[in-house]
Amino acid sequence: METLEEKIRRVTKEKVAIEPYNPMWPLMFKDEKEHLLSNLPNGLIKRIEHFGSTAVPGLSAKPIIDILVEVTSLEETKKEIAPRGVSTSLS
């Protein structure tokens with residue numbers, strides 16, 4: 001496991017690429033949202049939102065689509081989604 005010092009060293013060496021606004025970002029989010037909805041358990045997903053800098057029209061940003069998935073139950077999410085190998089930040 002990476003130590004805090006190792007992580008700090010790695011992160012401070014990473015290059016951050018800021019790109020001009022890309023009108024494809026909302027379409028990329030829409031495609032991913034549809035993919036998530038078709039693969040995640042029905043009834044567990046409350047909403048899926050595009051947030052962060054790529055969600056702001058006209059704003060230059062890191063070309064990373066940030067997606068927030070709101071669920072109806074964290075306990076059910078741990079049972080239904082986490083075992084599928086989906087990366088989560090649930091604790």
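Tyr21 is partly exposed, with 25% relative accessible area; that class lies between buried, under 20%, and exposed, over 50% (1.4 Å probe, protein chains only). Tyr21 pairs with Trp25 in an edge-to-face arrangement. This is a predicted model, in which local features need pLDDT of at least 70, side-chain atom pairs count only at pLDDT 80 or more, and totals for chains, interfaces and linings use all residues. Residues are numbered from 1 along each chain as its sequence is written, and side-chain values use heavy atoms, with hydrogens and water left out.

**Aromatic pair**

- The structure holds one aromatic pair.
- Tyr21 and Trp25 form this edge-to-face pair, 5.6 Å centre to centre with 85 degrees between the planes.
- Rings of Phe, Tyr and Trp (its six-membered ring) pair if their centres lie within 6.5 Å; planes under 30 degrees apart are stacked, over 60 edge-to-face, and the rest tilted.
- Trp25 is buried, at 2% relative accessible area, whereas Tyr21 is partly exposed at 25%.

**Overall fold**

- The chain has three helices and two strands. These are DSSP runs, numbered from the N terminus: helices are H or I with at least four residues, strands are E with at least two.
- Along the sequence, the pattern reads α-α-β-β-α.
- The radius of gyration is 16 Å, well over the 12 Å that the globule rule gives for 91 residues, so the chain is more spread out than a compact globule.
- That radius is taken over C-alpha atoms, and the globule rule is 2.2 Å times the number of residues to the power 0.38.
- Along the principal axes, the C-alpha atoms fill a box of roughly 40 × 40 × 15 Å.
- Buried residues make up 14% of the 91 residues.
- Of the contacts with a separation of 6 or more, 58% join residues 24 or more positions apart. Contact means heavy atoms within 4.5 Å.

**Nonpolar core**

- In soluble globular proteins, nonpolar side chains tend to be buried together.
- Here the largest nonpolar core has seven residues: Phe29, Leu36, Leu40, Leu44, Ile45, Ile48 and Ile81.
- H2 and S1 are the elements that give two or more residues to this core.
- A nonpolar core is a set of buried Ala, Val, Leu, Ile, Met, Phe, Trp, Tyr and Cys residues joined through side-chain atoms within 4.5 Å.
- Leu44, one of the core residues, also touches residues beyond four places away in sequence, including Glu70, Val71, Glu76, Glu80 and Ile81.

**Loop residues**

- Thr54 sits in the loop between strand S1 (45-51) and strand S2 (66-71).
- Thr54 is buried, at 0% relative accessibility.
- A polar atom of the Thr54 side chain lies 3.4 Å from the backbone oxygen of Ile64.
- Beyond its neighbours within four places in sequence, Thr54 is in contact with several residues, among them Tyr21 and Trp25. Its list also includes Ala61, Lys62, Ile65 and Asp66.
- Ala17 belongs to the loop between helix H1 (4-13) and helix H2 (25-39).
- Ala17 is partly exposed, with 44% relative accessible area.
- Ala17 and Lys62 are 45 residues apart in sequence, but their C-alpha atoms are 5.7 Å apart in space.
- With neighbours within four places set aside, Ala17 is in contact with Ala61, Lys62 and Pro63.

**Salt bridges**

- Side chains of opposite charge can pair when their charged atoms come close.
- A search of the whole structure finds eight salt bridges. Each is a side-chain nitrogen of Lys or Arg within 4 Å of a carboxyl oxygen of Asp or Glu.
- Arg10 forms a salt bridge with Glu2, the closest N and O atoms being 2.9 Å apart.
- Arg10 also forms a salt bridge with Glu14, where the closest N and O atoms are 3.0 Å apart.
- Arg10 is partly exposed at 37% relative accessibility. Glu2 is partly exposed at 39%, and Glu14 is partly exposed at 45%.
- Arg47 and Glu49 meet through their side chains in a salt bridge, at 3.8 Å from N to O.
- Arg47 is partly exposed, with 41% relative accessible area; Glu49 is partly exposed at 34%.
- A network of salt bridges links Lys46, Arg47, Glu49 and Glu70.

Key: A polar contact is a pair of N or O atoms within 3.5 Å; within protein, one must be able to donate a hydrogen and the other to accept it, and residues adjacent in sequence count only if both atoms are side-chain atoms.
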